Structures are given as structure tokens and as C-alpha cells.
Amino acid sequence: MTNYDRHPDEETPLLQSKLESKTPLPWRHLSPILLALFAEPVASAYIFPFINQLIGELGITGGDDRKIGYYAGLIESLFFVTQALASWQWSRLSDFIGRRPVILIGLLGLSVSNLAFGLSRTLPMLIISRCIAGLLNGNVGVMKSMLGDITDDTNMAQVFSLVPCIFMVGFAIAPLFGGMLVKPQEQWPYIFRGEFWAIYPYFLPSLISGCFTLLAFIVCVIFMQESLPSKIGTRPRQESLTAENSPDERPLPMLTLLKTPSVIIPVANYGTLALAEISFYALLPLVYSAPIEIGGLGFPPSIIGIVLATFGILNGIVQALFTSKLVERFGAKNVFCWAVLAFYPLILLFPIISAVVATQGGGVGPIVWILIVLQLVFLVLMDIAFPVIFILTTRAAPNKQSLGSTNGLSQSLTSIARAIGPASITSLFAASKEHNLLGGNLVYVVPILIATFWVMISRRLKDDDKNLQALE
């Protein structure tokens, strides 16, 4: 008996139903959701190019640049700590009051918190503003549930493959304006005159981010439609259901999901992927901005922003043009496992670049730039894992009604991973440099251990090639 002949139960992936004709993408419903998704990286990633410089200038470290990593990691992690605490509750709440009001609350909270961050001049205010953003923002998990509401088995994978593309564009734009718009009074003194811009030199990128998120909020108020079946008076789409999965079946309890290996394994891989990626993103501005004397490159925020923007553009192109074709040809699990291996050279290039700079007398020459480009290539290869894990997680949902619970579980674990990553890695970076542990390179050992664990659990993923036609 084939997978398609069996009736689904708690162990049966959601997408294991016979595909017939592909349903057209519901662009009228999809467009405001994608805009709200786009606001997420714009509101969170714009601080990466300048957060270390901001901490140094506020005098939080007492003039010791080696301690910047401690506080940078703390601020970057707090958003994800508070998001991890609230994400599951927001996802469950959306099952009762609807997806739309939860998403609107999250967008408004992001806008307010970004404006508050730009006006912060003390460590407590920086912390409070990031906590506001995390507590009010459970959007990603809810938006994935909303995407599940408006799609069926024939176009769900196609829609979810758009999510990483949207994020990559956002991660390309946010660091670009975040790095280039700091200290506008020094760059454009005739436009940004007055004492305000001297007191708050980092407010302009925060203002741009906050205004864009507010614009997304207004657009969603006008155009976003509720998708929760119980709120719009419709039943869940029938394509994912059989005689044994009735339309009014409720989501499985959390304990049942936690006991289901077919759910936990892809969720664990998603969390490890998030931990690996956020660890790299925390390391990159630290290494690139740190003084050459302690193993950094001494780049200003504008250069870091351009590097991250270049990666985002390249990554978005690769995701849009090649990922689905790779999955179609080699299978989701194979593509994911190969993407995992790219994390090894991605991290090892950090000490290699530092060593080359040291051998060149402290200068950043052509060889260093070639290595930086190579590092970005490996980052693109690793990030192919994101659309693949979205597809695998979607397949893992035991039934259509449990898709929201599965997304809430994966988002909570992802937020926990992203909370642990920056604080741990940046603190270890500071300790490695301050105490010269392994020549200042101990910080790179932990990501290698993460990669090894990731390789092990990625081998336990299931890959049903019969479902690859959903990507066509």
C-alpha cells in the first residue's frame, strides 16, 4: 500500500494527498501577508551594522572595546527571548480571535519599538525597546498559519517557497539603510541640522524602519482579509482532509505534537538552522567591525551594510531561481543535508580571514575581499536550507487543523535558538579576545559543534519524493 492509499493519522505528513490540478495562487489575499512578512526583517535587521558602534559610543563598556560583544549579544538576544515567550500564545490566540488582529498588533508594536530604539541613550532603554518588539510580535508563526489557511496541497509548497525570498530582500535592504543612514548630521549637515541629530545619531534608520512598519500596518488594515475559517463562516479547505479527518477536527494538543517524531525532527532541524544562522549574523558585524589589532577588519557600519545587502540580493536571486529546481531534482532531504555542510567553511573562514589580514601587515587587500566573497557564497548555499525546511515542516503537520500549532511550535523553538545564539556567541567572542583563548579563536569552536549536531539530526529527516511535484 502506498502513502497515498493510507488514511492520514498523527504520523502522516499533511502533504501526502494525491495532487490533482494546481490551484492558482490567491494573490489578492497573499500580497498583504507578504508585505507584513517583509516588514519583519526590515524592523529587526537594520540594527546589525551599527549596534556595536552604538554600544561603544554610549559608554556602556567603559571604553573597553573587547566587552562590546557582551552587550551587543544581550540586546540582539532579548528580542528573540521575549518573542519565544509570546510566540506560542499569539499563535494559539489567533485560533480564537482570528489571524488578522494578531498580525496588526504585531506590526504596530514593531513600529513603536523601533522609534523607541532610535531615541534610546541608555542600556535599559535599549533593552526595553527590544523587549516591546518581541512581546508584541508573534507575527511569523501566525502568518505561516494564515498562508496555510488560504492554500491547499497543490500550491502550499509554492507559497512557502516565497517566504525566504521575502526575508532575503528585507535582510538586504535593512542593513543597507541601517549602515548608511547613521549619523546623518555628519554626512548631510545642510539637511540634518540642529541639536536633535547630534544627540540621536542613530535615530534616522530607526525612523525609516518604524515608518515602513507603520505603512505595512496601514496597508494590512485596509487590504488584509481574515482567513480563520471559524471567523469567516467557512470550513477548512477539503483538499487536505479525508473521511477520517473531518473538517471540524480540532488542532492536536501540544503534548501530542511533542510525542510525534515526524513533527519534532523537522522542527528541531528548523531550530538548529536558526541557531546557526543567527550565530553567524552575530559574529559577522563583530569580526568585521572589531579593530584589526584584536583580529577584526575595522570596517565602518556602511561597509558592513553593503556586504550584508550584497548577500541579501544574491541570496534572494538564488532562492527564487534555483531552490525549487534543486529540490525537484535531488529531493528535499538531500538538498537540506548538503546545505548544512556549507556551515563548516562559512565559520572557518573567519579565523582564516583574520590570519590573512595579520600576515598582510594589518591591511584589507584583494585576497581578503576574495575570501569575504567566498564566505558570502557559502552563506547563500547554507540559506537554501530555509525554504526546504519550510516545506518539510509543512509536510510534517499531522492534519490541516494542526498546521497553526506546528508553526507555533517551530516558531517558539526558532525564537529560543535565536535568543541563545547572539548572547552566547558574542559573549564567547569577547571572552576569547579578552583572555586570548586559543589565540582568540575559541569562539569558532562552538559553531563547529553546532554544525556537527545539525548534520546528525538532518540525516533523520524524511523525504518523500512523491511530493516534489508540489514545487513545480
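A residue counts as buried when its relative accessible area is under 20%, as exposed when that value is over 50%, and as partly exposed in between. Lys-183 has a relative accessible area of 17%, so this lysine is buried. The structure it belongs to is a predicted model, and the description below moves from the whole chain to single residues.

**The chain as a whole**

The protein chain is built with 21 helices and zero strands. When contacts between residues at least 6 apart in sequence are considered, 83% of them join residues that are at least 24 apart.

Because the model is predicted, each residue carries the predictor's confidence, called pLDDT, on a scale from 0 to 100. The mean pLDDT of the protein chain is 80, and 87% of the residues reach 70 or more. Helix α11 (residues 203–223) has the highest confidence, at a mean of 94, whereas the lowest is found in helix α7 (residues 156–160), at a mean of 70. Residues 1–12 stay under 50, and for this stretch the model has 29 contacts beyond four places in sequence. Residues 465–472 also have a pLDDT below 50, and there the model has 27 contacts beyond near neighbours in sequence.

**Nonpolar cores**

The largest nonpolar core has 113 residues, and the ones with the most contacts inside it are Phe-117, Leu-147, Tyr-288, Phe-343, Phe-350 and Trp-454. Helix α14 (residues 261–289) gives the most to this core, with eleven residues. A second, separate core has seven residues, including Ala-43, Phe-79, Phe-80 and Ile-278.

| Helix | Residues | Number of residues | Span | Expected span |
|---|---|---|---|---|
| α5 | 123–135 | 13 residues | 18 Å | 18 Å |
| α21 | 445–458 | 14 residues | 20 Å | 20 Å |

In α5, the buried residues are Leu-123, Leu-126, Ser-129, Arg-130, Cys-131, Ala-133 and Gly-134. The cover over these buried residues includes α1 (27–44), α2 (51–57), α3 (68–97) and α4 (99–118). In α21, the buried residues are Pro-447, Ile-450, Ala-451, Trp-454, Val-455, Ile-457 and Ser-458. An α-helix has 3.6 residues a turn, so residues three or four places apart point the same way.

**Aromatic rings**

The model contains 19 aromatic pairs. In one of them, the ring centres of Trp-197 and Phe-203 lie 6.1 Å apart with their planes at 45°, so the pair is tilted. Both partners are buried, since Trp-197 has a relative accessible area of 15% and Phe-203 one of 10%. In another pair, the ring centres of Tyr-270 and Phe-390 are 5.5 Å apart with their planes at 85°, so the arrangement is edge-to-face. Tyr-270 lies in helix α14 and Phe-390 in helix α19 (residues 385–396), so this pair ties together parts that are 120 residues apart in sequence. Tyr-270 and Phe-390 are both buried. Beyond pairs, one aromatic cluster is formed by Trp-188, Phe-192, Phe-196, Trp-197, Tyr-200 and Phe-203.

**Residues in loops**

Most residues other than glycine have a negative phi. Lys-183, however, has a positive phi, near 50°, and its place is in the loop between α8 (162–180) and α9 (184–187). Asn-436 also has a positive phi, near 55°, and is found in the loop between α20 (403–435) and α21. Is Asn-436 buried or exposed? Its relative accessible area is 52%, so Asn-436 is exposed, whereas Lys-183 is buried.

A further loop residue, Ile-294, is found between α14 and α15 (301–330). With a relative accessible area of 26%, Ile-294 is partly exposed. Ile-294 and Asp-65 are 229 residues apart in sequence, yet their C-alpha atoms are 9.8 Å apart in space.

Terms used. Residues numbered from 1 in each chain as written. Predicted model: local features only at pLDDT ≥ 70, side-chain atom pairs only at ≥ 80, totals over all residues. Heavy atoms only, no water. Helix = DSSP H or I, 4+ residues; strand = E, 2+ residues; numbered from the N terminus. Contact = heavy atoms within 4.5 Å. Expected span 1.5 Å × (residues − 1). Buried < 20%, exposed > 50% of the residue type's maximum accessible area, 1.4 Å probe, protein only. Core = buried A, V, L, I, M, F, W, Y, C linked by side-chain atoms within 4.5 Å. Phe/Tyr/Trp six-rings, centres within 6.5 Å; stacked < 30°, edge-to-face > 60°.
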